[in-house]
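Open the structure in your viewer and keep the selection tool ready. The stops below tell you what to pick next and what you will find there.

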Amino acid sequence: MIPGSLESSPASGSLLGRESASFSLSLSLLTSHVDDLFPFFLRHAKQIFPVLDCKDDLRKISDLRIPPNWYPEARAIQRKIIFHSGPTNSGKTYHAIQKYLSAKSGVYCGPLKLLAHEIFEKSNAAGVPCDLVTGEERVTIEPDGKQAAHVACTVEMCSVTTPYEVAVIDEIQMIRDPARGWAWTRALLGLCAEEVHLCGESATIDLVTELMYTTGEEVEVRNYERLTPISVLDHALESLDNLRPGDCIVCFSKNDIYSVSRQIEIRGLESAVIYGSLPPGTKLAQAKKFNDPDDPCKILVATDAIGMGLNLSIRRIIFYSLIKPTINEKGEREIEPITTSQALQIAGRAGRFSSKYKEGEVTTMNREDLSLLKEILNRPVDPIKAAGLHPTAEQIEMFAYHLPDTTLSNLIDIFVDFSQVDGQYFVCNMDDFKFSAELIQHIPLSLRVRYVFCTAPINKKQPFVCSSLLQFARQYSRNEPLTFSWLRRYIKWPLLPPKNIKDLMDLEAVHDVLDLYLWLSYRFIDMFPDASLIRDLQKELDGIIQDGVHNITKLIKISEAQKLLNLESLSAENQSRLSGTVKGQARRMRGTKTLGNKAAETPSPSVGEKSLASRLVQQGLLTADMLKQLEKEWLTQQTEHGKDKTEHGTHSKGTRRKKKEPDSD
């Protein structure tokens, strides 16, 4: 052996060992395959995405393809389906209600509390004992508390296990509603009634016929014509100086309501005001004021809330605008011209058979909008192609069993992703449910209780209502009953009459909070024990709000003086901008794009900047306390940025730019 050779080196043994191991590894890699890594990948993926471990079970749970099978009681009987089809004021609902009143037992399902109240009162006035069931209220007419054979309810509250002779489902076209359509689907497929009477637009007939074909039930269609004539005028109103008794100006924003009411008052006229967030009692009081021939109030300013649930004596409908913000099926906000269905529903309120005006008229405020209104009204109503569905608490509980560490909001997302529906159905938008789920996620509640809290109807634009849902859930989780005295302290009762529009909106929010309490009191009786006392409190609050709305023009005037309202944004210049939007939308419908449309859709920066804070407060997106907190945080942030600039003044130019960027934002 040669001295110094590899064989004689002390490290030669270890080197040879490493080379041998390397050679063996190479041979191993050559004989292995990439598929050998898959088990390790799959194990990791299941840890990150637990859905993968039970996806077949989840698909079965979220299979929504045969909804009729969810209602075995209804499938056990052969129902007769009668569709009363016709426009507004055609008598279709009247004929269905006559069958309801003459039956031995019946249920009326309406879209609004006001409509349920109306049928409740009509039925009892006709000598037919009738109970009332809404989300926030239960009224049993029999003195011993026994349930009456007839019940008037909101559609979400109808029982699908109680047998009836006759059921009436009003406004059946709302089966397509992105948020509430599931309730009409449930009533249509699930009510146990020998006869089911549907009232609504003809656009729903084909869908209902197809759905009933899957249940083996035939649909009898009865068509109705409008009882009184209605005409679209060839001239716009153009000026509020041209108003006449019996006129109703329809607006699609509160700012427009305030602006128009103020301008009418300046002209020495008195107007009633109705919009969606007003309590039902206040709406009825304003409707009564407008309808009273001895009351000096002859003009009504309203949103499309008048489209259902109120009997109004209107001669002429005047569309102040044709643009309405809406939420589509994906939960996205859209600003589009009103649909033909919406236009017909609102226009049909003029010249009703039961009012003193036997002929109705329809026009617009602006001359430029009139041609578009005629185009919308003359367009055929698009047929309704799908009915809404909604996951049940049981389905979500089964999902949670397989995915125990998943939040309720995420469970909903996974459910929607996995759900399978036929072409005749769609899964309703659940953004409001998810909003509530995320709001109370950190509070320890059982899944069923959490689900119920998330189905509570709240206006998520009202900060006080949202914080109240959170507070109620927190009290519940601590097992602390929400008593009358606790709630009085919470809402700071007694409340003063409103001094400006912001005060009025705050009172409306408190009314919504009391509604929320009453809604929860029927689901958790032990934890919300004082429903009757709260109802009395709510009636008192309704009276305060009624007084405020009665003096709304004074409140508007004070709000303008205090710079809480900026109605200049609805000046003549802004109205032309609004009209430009309408015309731009109309051109878009015809397939034409214009630069003018872009200008119409983009508000002037000066208008937006001038009163952003006040507009956010007025819209209920901010409270005064939140504004103060934001102001403090802004001042603190400005101070900190000032220090940063002083301390880092010697930094490079690029660094200084980075410091400035947050300020510019």
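Two strands count as paired if DSSP finds at least two bridges between them. Keep in mind that this is a predicted model.

**Stop 1: a pair of strands.** Select residues 130-133, which are strand 3, and residues 150-154, which are strand 5. They pair in the parallel sense, over 4 bridges. Now pick Asp 131. Opposite Asp 131 stands Val 151 of strand 5.

**Stop 2: helices on the sheet.** Next, select residues 113-125 for helix 6. Helix 6 also packs on the sheet, touching strand 2, strand 3, strand 4 and strand 5. The direction of helix 6 makes about 165 degrees with that of strand 3.

Stop 3: In what order do the 8 strands lie? Read across the open sheet: 4-3-5-2-6-7-1-8, with mixed pairing. Look at the edges, where you find strand 4 (138-139) and strand 8 (219-223). Each has a single partner strand, so one side of each is left without a neighbour in the sheet.

**Stop 4: helix 9.** Select residues 254-266. This helix has 13 residues and reaches 18 Å from its first C-alpha to its last, close to the 18 Å expected. Its buried residues include Asn 255, Tyr 258 and Arg 262. Just after the helix, click Gly 268, which takes a positive phi of about 80 degrees.

**Stop 5: aromatic rings.** A search of the whole structure finds 13 aromatic pairs. Show Phe 399 and Phe 415. Their ring centres are 5.2 Å apart and their planes lie at 55 degrees, so the pair is tilted. The pair links helix 13 (residues 393-402) with helix 14 (residues 408-418), its members being 16 residues apart.

Move on to Phe 472 and Tyr 490. Here the centres are 6.3 Å apart and the planes at 55 degrees, so this pair is tilted. Phe 472 has 0% relative accessibility, so it counts as buried. Phe 472 and Tyr 490 belong to one aromatic cluster that includes Phe 464, Trp 486, Tyr 517 and Phe 528.

**Last stop: charges over rings.** Select Arg 523 and Trp 519. The charged end of Arg 523 sits over the ring of Trp 519, 3.7 Å from its centre. Finish at Lys 358, whose charged end sits over the ring of Phe 353, 5.6 Å from its centre.

Conventions
Residues numbered from 1 in each chain as written. Predicted model: local features only at pLDDT ≥ 70, side-chain atom pairs only at ≥ 80, totals over all residues. Heavy atoms only, no water. Helix = DSSP H or I, 4+ residues; strand = E, 2+ residues; numbered from the N terminus. Expected span 1.5 Å × (residues − 1). Buried < 20%, exposed > 50% of the residue type's maximum accessible area, 1.4 Å probe, protein only. Contact = heavy atoms within 4.5 Å. Axes fitted to C-alpha atoms, helices over the stretch in contact; angles between N-to-C directions. Phe/Tyr/Trp six-rings, centres within 6.5 Å; stacked < 30°, edge-to-face > 60°. Lys NZ or Arg CZ within 6 Å of the ring centre and 35° of its normal.
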